[in-house]
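Let's take a walk through this structure, a few places at a time. Have the sequence and the 3D view at hand as you read.

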Number of protein chains: 2
Amino acid sequence: MDSPQRKPIPFTQIQIRDAFWAPRQAANREQGLDAVYQQLESTGRLKAYDLDWTPGSDQPEPHVFWDSDVAKWLEGACASLITHPDDALRARVDQVVSRILSAQGKDGYLNPHFTVVEPKALWTNLRDKHELYCAGHLIEAAIAHHRATDEPHFLNGIRRYADLIDHTFGPGEGQRHGYPGHQELELALIKLYRHTGENRYLDLARYFIDERGQPPHFFDIEARQRGENPADYWAKTHAYTQSHLPVREQQEIVGHAVRGMYLYSAMADLAAELNDPTLVKSLQTLWKDLTNHKLYLTGGIGPSQANEGFTTRYDLPNREAYAETCAAIGLIFWASRMLHLDLDSRYADVMEHALYNGMLSGVSLSGDRFFYENPLASDGCHHRQPFYACSCCPPNLNRLLPVIGEFIYSINKDEIATHLYIQSEAKVEIKEQEITLTQETDYPWDGLVCLTVNSPSPLTFTLLLHHPGWCGEARVYLNGSQIDFQKHLRHGYVALTQEWQPGDEVRIQWAMPVSQVYAHPDVRANTGRVALMRGPLVYCLEAADQTVPVRDIRLPRRATFETRYEPDLLQGVVSIRCQAKTLNRKQWGGMLYRDTPPDLLDIPLKAIPYYAWDNRQPGEMRVWIPEAIF
Amino acid sequence: MDSPQRKPIPFTQIQIRDAFWAPRQAANREQGLDAVYQQLESTGRLKAYDLDWTPGSDQPEPHVFWDSDVAKWLEGACASLITHPDDALRARVDQVVSRILSAQGKDGYLNPHFTVVEPKALWTNLRDKHELYCAGHLIEAAIAHHRATDEPHFLNGIRRYADLIDHTFGPGEGQRHGYPGHQELELALIKLYRHTGENRYLDLARYFIDERGQPPHFFDIEARQRGENPADYWAKTHAYTQSHLPVREQQEIVGHAVRGMYLYSAMADLAAELNDPTLVKSLQTLWKDLTNHKLYLTGGIGPSQANEGFTTRYDLPNREAYAETCAAIGLIFWASRMLHLDLDSRYADVMEHALYNGMLSGVSLSGDRFFYENPLASDGCHHRQPFYACSCCPPNLNRLLPVIGEFIYSINKDEIATHLYIQSEAKVEIKEQEITLTQETDYPWDGLVCLTVNSPSPLTFTLLLHHPGWCGEARVYLNGSQIDFQKHLRHGYVALTQEWQPGDEVRIQWAMPVSQVYAHPDVRANTGRVALMRGPLVYCLEAADQTVPVRDIRLPRRATFETRYEPDLLQGVVSIRCQAKTLNRKQWGGMLYRDTPPDLLDIPLKAIPYYAWDNRQPGEMRVWIPEAIF
């Protein structure tokens with residue numbers, strides 16, 4: 001572990017002004033939030049708060065995780081209001097908040113599913129029923145609402161629910177010794193503690209995390225109390241909820257991917273609050289397992305549909321990849337927290353990958369259609385949808401996109417670390433001075449970044465610059481003079497300590513050639529295949545750009561690549577072109593087996609960024625391209 | 001369709017004397033039959049005929065398909081007795097026959113499961129319960145028993161059962177208008193018709209085949225009669241039993257593979273008996289779909305475990321291949337029947353492939369351990385077992401191996417076609433003369449075949465010789481003089497018409513180089529991969545022969561192969577060796593992704609015939625080898 005803990009510079013202090021993220025944020029603000037709201041309304045998710053569902057009624061039965069969809073939307077809407085005030089959206093937020101609060105019980109309890117569908121079953125199935133998970137999202141929404149509006153009523157209402165949970169769960173006699181089956185509340189409670197200063201929320205988060213997986217297993221006890229045999233658990237293993245072992249004993253990434261990411265994020269927050277090296281050690285071990293064995297090139301995670309999660313080492317199928325959008329979002333949360341605990345570029349590399357690829361593929365360029373699963377190959381039948389029956393991903397994107405700024409920097413008393421390069425202006429207080437950090441860049445299309453430090457007066461601090469893992473060659477200039485940045489490298493960051501003068505400029509040229517990427521030999525799915533990357537972006541072949549079927553394309557190992565910014569393609573992207581090969585199908589005929597391979601014919605190849613696929617006519621897509629064999 | 005229908009030369013008239021099949025037959029005779037018998041006894045399959053099982057008893061409940069296991073063993077034992085009399089085996093056969101007959105009802109009914117477990121449910125679930133399937137196997141066993149012993153009592157007993165079925169099923173009022181859910185009885189009835197001359201068995205087979213898939217669907221009617229909703233059918237589609245359409249309308253290979261093969265075999269038999277071109281046309285269409293889209297290189301079929309059968313075109317995964325041994329056996333049955341209907345080398349090619357690879361891999365060299373599934377790649381955890389809970393494959397091998405001879409030739413009034421090259425002596429009557437056909441060859445290890453025709457006096461007929469599809473170059477000599485065999489080719493057979501003199505010799509040299517085989521570009525599993533074949537044998541890499549992990553081996557496209565007969569290896573095989581490449585793992589390190597591929601290092605490679613894998617220490621195996629990329 002390196003130097004003292006860091007905190008993010010809040011997104012509220014950062015103005016993103018770039019040509020890449022700003023349009024994504026605008027699409028979310030102008031299309032995405034409204035599209036998801038309409039779905040919340042039309043599917044009955046908002047109506048559920050009227051508590052007028054009865055068995056046999058025409059209304060759909062309020063589902064056990066519906067609150068979380070509403071809460072994530074609300075969090076996203078409030079985040080958007082902070083940077084982009086909007087009266088209509090504010091009115092909608094007010095109305096949703098009123099509707100939610102109207103469904104709260106006198107004791108603070110708030111979950112329409114249990115209130116109207118299973119009123120006698122409160123807190124009886126934490127393992128499967130998402131009750132505490134929903135509470136967590138309500139808390140996050142309430143904090144965002146308080147920040148956006150400065151009005152306390154929603155936060156106060158949700159705190160009454162948090163307090164009820166705090167009374168209900170804990171080590172005391174008469175308390176339930178349980179913890180969430182779908183983690184999320186833990187990190188929400190720590191956020192609530194940070195927002196309110198109330199220690200009891202931190203203590204409860206700590207209790208949930210410490211208690212998790214302790215024998216005798218709570219979910220078994222709870223199952224028996226329901227009259228069930230714990231052996232009949234549908235998921236078959238408590239690894240599904242990462243409760244197979246106490247958290248400090250966990251060394252392997254297992255189970256449901258989103259659950260895992262939210263747990264590890266909460267563990268990182270708790271480690272920061274408690275300064276607990278045992279938690280950090282466990283997180284570092286888990287991180288290593290993930291990134292060495294179980295991570296898609298896109299930053300997607302969790303290959304299997306069966307458990308929406310992890311399987312065995314190197315099991316990374318492309319077409320069948322589950323790689324849920326929420327899991328990539330969860331990985332961004334975890335990675336950003338690791339950067340605050342343990343500044344090291346390997347966390348920033350993964351965070352950047354997940355942001356630009358596995359998360360961003362989850363939303364259409366129009367902002368209103370969403371992937372749940374993010375495969376790395378498709379026959380052309382996988383498309384973004386307006387919503388899903390289990391629709392966690394769309395509102396998760398709604399709440400992530402407005403706060404992208406929060407992942408750019410972290411700061412402690414005398415250091416500012418830059419993790420992401422996004423054209424923006426940030427205002428931050430360090431050493432009791434408010435300074436402005438300005439980034440000018442065309443990133444991710446170009447590797448040139450100009451970072452200007454403006455302080456009212458000269459100020460000594462350390463500016464750290466993430467040296468991206470994908471970058472082999474770089475040049476760094478300080479006020480126009482090249483410096484030997486290799487001498488300043490610290491855990492993958494260029495660390496510049498000096499007395500900064502107002503207007504000092506750091507200019508960095510991250511060389512951004514096309515790179516051919518290979519997977520570990522044990523990743524069976526990628527034997528004989530190569531992927532193309534440029535900067536943080538993973539590229540793919542999509543049928544719309546090719547002259548032959550994508551599955552027939554073979555990439556010569558010694559291809560020469562050209563890149564070109566195409567302003568009219570997919571809202572502006574850099575495409576990659578080269579001469580490639582295709583199979584001569586005509587020559588093959590109809591036979592199933594032959595003793596001569598098909599000839600290879602020359603064709604042009606064009607690759608586009610993976611995040612932007614499936615925004616045109618449907619067709620085949622592949623990230624991993626077979627190499628040409630001669 | 002070519003010339004008049006053919007019949008096999010029965011295995012009873014052929015002595016196999018080669019170094020390849022004779023040891024396999026001996027292992028079956030000396031180990032396999034006893035091993036399976038012991039399992040029939042110890043698992044309760046024989047005890048079931050005592051009809052003393054009661055609900056709650058310690059005995060295992062007689063299973064719905066147990067009779068078929070016993071019957072297939074019995075058929076194999078009887079076939080073996082014909083060519084290799086054996087008093088001990090004969091005594092065992094007598095005892096099993098008595099035991100079976102003791103369980104027969106007064107009306108002829110014979111199925112211990114229904115008699116003791118579901119006595120009220122006779123004929124109520126043809127779709128799922130294997131009742132008619134078991135009857136078919138009993139019929140085949142009874143015919144073999146009659147041939148082996150000349151004693152009529154077992155055949156007579158089973159004919160009483162066949163007659164009961166004939167009374168029960170048919171188009172008449174008061175008859176059930178059904179057909180087998182697991183096909184097999186159809187072909188058994190035609191065999192019984194041929195053996196006894198009784199037309200009613202042929203008529204019943206015809207009824208079952210013609211009725212199959214006619215609307216309204218019998219399995220739906222039957223389900224409703226059981227009080228079930230047909231829509232709740234577990235297999236979801238009648239394609240599972242190839243009853244989704246009337247058989248003459250079926251154009252795609254679908255459903256459960258063994259069911260399909262037995263149906264198509266019966267359709268071919270019926271087409272031959274009725275001279276029905278509509279059936280032949282349907283079979284030719286189905287054959288084309290199978291061999292162009294759904295056939296493993298090994299002759300294995302049915303890639304999916306879920307339905308034990310077929311999926312979509314080109315879906316031929318290697319590691320996950322189901323490729324049930326029984327399905328390869330069924331394919332041999334079907335292919336041999338197509339040769340009798342429509343002499344064409346494409347049927348003989350597939351039959352040979354399935355015999356030497358996908359079927360033969362099903363049994364250990366020791367003869368007493370069996371594969372149910374025959375994958376084309378393994379991590380080293382897939383091994384032959386003595387038996388299975390669902391153990392159709394071991395006794396199916398028991399009954400196939402003794403009758404291999406029957407697949408060598410077929411004959412009609414003036415033509416003898418040779419499909420397989422196996423050192424052997426066959427006696428056959430043609431044009432009212434008994435002639436002897438002698439093959440001398442080391443096939444499949446060497447392509448030289450000497451076929452001698454011995455007739456008492458000169459005799460004019462046509463001798464047809466299968467030109468194997470794998471063979472690019474051949475030389476054919478008639479009594480020492482080379483002939484231009486290309487002029488004599490007819491549907492892939494060398495057709496020699498002449499007045500044969502006693503002792504005339506045809507010598508053929510089928511060139512047998514190692515060939516590199518490629519799969520159709522749409523077989524995703526084999527992108528960038530190559531398989532090695534020599535003659536009819538598919539080869540594989542097994543860990544025991546390699547110096548590096550099998551998964552790391554890469555085959556250069558321009559490899560130079562050496563072959564070597566190794567008498568002490570796997571009971572004597574020709575191995576294939578070449579210089580190949582392996583990944584330099586040391587250089588890779590622990591990273592999941594890198595921008596440079598691993599170096600390739602030289603290593604020796606040694607391949608063995610696929611059928612012989614898993615007869616040594618466990619380890620990785622692969623048929624399809626990634627090609628080296630430079």
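Predicted model: local features only at pLDDT ≥ 70, side-chain atom pairs only at ≥ 80, totals over all residues.

**Where helices cross**

Residues are numbered from 1 along each chain as its sequence is written, chains are lettered from A and ligands numbered from 1 in the order in which they are written, and side-chain values use heavy atoms, with hydrogens and water left out. As for the element names, helices (H or I, at least four residues) and strands (E, at least two) are DSSP runs, numbered from the N terminus.

Back to that pair: α7(B) covers residues 185-196 and α10(B) covers residues 257-274, and their axes come within 8 Å and cross at roughly 35 degrees. The axes here are lines fitted to C-alpha atoms, for helices over the stretch in contact, and the angles run from 0 to 180 degrees between N-to-C directions. On the α7(B) side, the contact (heavy atoms within 4.5 Å) is made by Glu186(B), Leu187(B), Ile190(B), Tyr193(B) and Arg194(B). Their partners on α10(B) are Tyr262(B), Ser265(B), Ala266(B), Asp269(B), Leu270(B), Ala272(B) and Glu273(B). Sort the residues of this contact by class and you get seven nonpolar, one polar and four charged. For that sorting, Ala, Val, Leu, Ile, Met, Phe, Trp, Tyr, Cys and Pro count as nonpolar, Asp, Glu, Lys and Arg as charged, and the others, Gly among them, as polar.

Helix α11 (residues 277-293) and helix α12 (residues 325-341) of chain B have axes that come within 12 Å and cross at roughly 130 degrees. That makes α11(B) oblique to α12(B); angles under 35 degrees count as roughly parallel, over 145 as roughly antiparallel, 65 to 115 as roughly perpendicular and the rest as oblique. This crossing of α11(B) and α12(B) is left-handed. From α11(B) come Val280(B), Leu283(B), Gln284(B), Leu286(B), Trp287(B) and Leu290(B), and they meet Leu331(B), Trp334(B), Ala335(B), Met338(B) and Leu341(B) of α12(B). By class, that contact of α11(B) with α12(B) has 10 nonpolar, one polar and no charged residues.

Now hop over to chain A, where the axes of helix α3 (residues 87-102) and helix α6 (residues 153-168) come within 11 Å and cross at roughly 25 degrees. So α3(A) is roughly parallel to α6(A). Here Val97(A), Ile100(A) and Leu101(A) of α3(A) meet His153(A), Phe154(A) and Gly157(A) of α6(A). The classes in the contact of α3(A) with α6(A) are four nonpolar, two polar and no charged.

**Tucked-away residues**

Is Asn396(B) buried or exposed? Asn396(B) is buried, with a relative accessible area of 0%; buried means under 20%, exposed over 50% and partly exposed in between, using a 1.4 Å probe and protein chains only. Asn396(B) sits in helix α14 (residues 393-400) of chain B. Apart from neighbours within four places in sequence, Asn396(B) is in contact with Lys72(B), Tyr262(B), Cys326(B) and Ile329(B).

In chain A, Leu464(A) belongs to strand β9 (residues 459-466) and is buried too, at 0% relative accessible area. Glu415(A) is 49 residues away along the chain, yet its C-alpha atom and that of Leu464(A) are separated by 7.2 Å.

In chain A, the bond from Pro215(A) to Pro216(A) is cis, with omega near -10 degrees.

Finally, Ala323(B), in the loop between α11 and α12 of chain B, has a positive phi near 45 degrees, and at 1% relative accessibility Ala323(B) counts as buried.

How values were computed
Left-handed = near helix turned anticlockwise from the far one by under 90°.
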